[in-house]
Amino acid sequence: MTEKIFYKSLYQTEFDAEVLDVIDGRGLVLDRTLFYPGGGGQPCDLGFINGLEVVNVYEHDGVIVHELKDLNINLKKVHGVIDWARRFEMMQQHLGEHIFAAVLYNKFNINTLRMRIENGAASLDLDKVVDENIIREAESEANEIIWKNIPVEVFNADIEDIKKFSRKQPPSKAGIKAVRVVKISGVDYVPCCGLHVKNTGEVGVIKFVKAEHDKNFTRVYIKCGRGAFNWLSVLVQEAHKIQIALTCGGHEIYNRVETLQNDLKEIASRNKILLEQIALMQTDKIMSKALKSQGGFIIAPEVLDYKDLKFIKDEEDIINYVKILFKELTKALGVIALLGCKINKERTFIIFGSNKCAKNIDVRKIFNEALKMIEGKGGGSGVCAQGFGSKPENLIEAVNKACESSLKLF
Ligand SMILES: [Zn+2]
């Protein structure tokens, strides 16, 4: 059994110990340790042993194993240093969770099923759907308890006492008569194996972050102490930058962003109308150069280049623009549109076809020939086939050839 000095010397950061065993070449077993092996929803401690990084700590049958990143030397006596900043924050988060859970239970009759600290966030799983107003009320009250600076008592309590006084039932393992209890006088009394700061005041502050709901379950995320401070510092800095950019007060940020979003939507819809108008003008230009086929159809070929379409925002919109052109050109029966477009240096788009009602036209043969020339992939129906290719240098020739074939075919 490893002597758990972290329970007795909660605020000690360094220790000396003897090596008793090495497991799988990297797991160090010591006679005593300050490294908490994890439990009660609290992750294990990290740090260094003789300058070697401790990457994981776990307990098996009372023996604590310290997994080191590299262990290539034979160690007998060691000096361990725990990552104190991280541990202290864990103790703040952990007691913060106790206080929050106690307020929810005492004031609102809400049970916390599970607490955990992971990825820098503390969370509580509640046994019902809880309104955010209640969570905010609990947040306020939890902070009042913190600022009363109530001492935290830790002791072994009789199982029967725990059943009587605790908001949480003790472990039901046979043969266990006493269990470690964490008590905040007048606030909370629960069995717990984790590490907590000695007074509620050391939690500093609790900040509710967000809540996720399920059918009959709520997960509440909170941040406490240093975790809350670091998180809020980033948020305040960002909010300040937004305030300067929007020249507004902190309480106006959301309204201003909402206005901006609405403005953007309006600009996007106006943009769409403008594009359609430009497309109409271009349609007229294309039709003025259109050719008459042997069968009396109007063949309208056109090759566009992204360099001439700088008024369009991005590649996706260039493709949409070509599609608008196609739609406009093929509104009239008897027009066969053969459109190609260089989307960027390496990519091309082609769309060939006619009016949806033109049953005697099938562009697929000429489309496939053009597609081959631009080494593309695509398909479609006899009246609308489209695809993408990778040879912009062949695009003009591909469309010209399709035009020549169309003049004879249709
Ligand atoms: Zn605890």
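Predicted model: local features only at pLDDT ≥ 70, side-chain atom pairs only at ≥ 80, totals over all residues.
Me: Is the protein a compact globule or more spread out than one?
Reply: The chain forms 9 helices and 21 strands. Its radius of gyration is 35 Å, whereas the globule rule gives 22 Å for 410 residues. The C-alpha trace spans about 100 × 55 × 45 Å along its principal axes. Because the radius of gyration is well over the value from the rule, the protein is, compared with a compact globule, more spread out.

Me: Which domains does the assignment give, and how many Å separate the centres of domain 2 and domain 3?
Reply: The domain assignment gives domain 1 as 3–82, domain 2 as 88–243 and domain 3 as 277–409. Taken over C-alpha atoms, the distance between the centres of domain 2 and domain 3 is 65 Å.

Me: How many residues does the largest nonpolar core have, and which element gives the most to this core?
Reply: The largest nonpolar core has 52 residues, and F35, I99, F100, A142 and I206 are those with the most contacts inside it. At least three residues of this core come from each of domain 1 (3–82) and domain 2 (88–243). The element that gives the most to this core, with 9 residues, is α2.

Me: Which residues does F35 contact, leaving aside its neighbours within four places in sequence?
Reply: F35 is one of the residues with the most contacts inside the largest nonpolar core. Once its neighbours within four places in sequence are left aside, F35 is in contact with C44, D45, G47, V54, V57, I64, H66, G80 and I82.

Me: How far apart are the end C-alpha atoms of helix α3, and what span should its 16 residues have?
Reply: Helix α3 covers residues 132–147, and at 1.5 Å a residue its 16 residues should span 22 Å.

Me: Which residues of α3 are buried, and what covers them?
Reply: The buried residues of α3 are I135, A138, E141, A142, N143, I145 and I146. Just after the helix, N149 takes a positive phi of about 50°. What covers the buried residues of α3 includes α2 (84–108), β14 (206–214) and β15 (217–224).

Me: Is A228 buried or exposed?
Reply: A228 lies in helix α5 (residues 225–246) and touches G204, V205, I206, K207 and K223, not counting residues up to four places away in sequence. There are 23 other C-beta atoms within 10 Å of A228, and the cut-off for burial is 20 or more. A228 is therefore buried.

Me: How is V303 classed, and how far is V303 from L339 in space?
Reply: V303 is found in strand β17 (residues 298–305), and its contacts, not counting residues up to four places away in sequence, are G340, L395, I396 and V399. With 18 C-beta neighbours inside 10 Å, V303 counts as partly exposed. Although V303 and L339 are 36 residues apart in sequence, their C-alpha to C-alpha distance in space is 6.0 Å.

Conventions: Residues numbered from 1 in each chain as written. Domains from an automatic or database assignment. Helix = DSSP H or I, 4+ residues; strand = E, 2+ residues; numbered from the N terminus. Expected span 1.5 Å × (residues − 1). Buried ≥ 20, exposed ≤ 12 C-beta atoms within 10 Å, placed from the backbone. Contact = placed C-beta atoms within 7 Å. Core = buried A, V, L, I, M, F, W, Y, C linked by C-beta atoms within 7 Å. Rg over C-alpha atoms; globule rule 2.2 N^0.38 Å.
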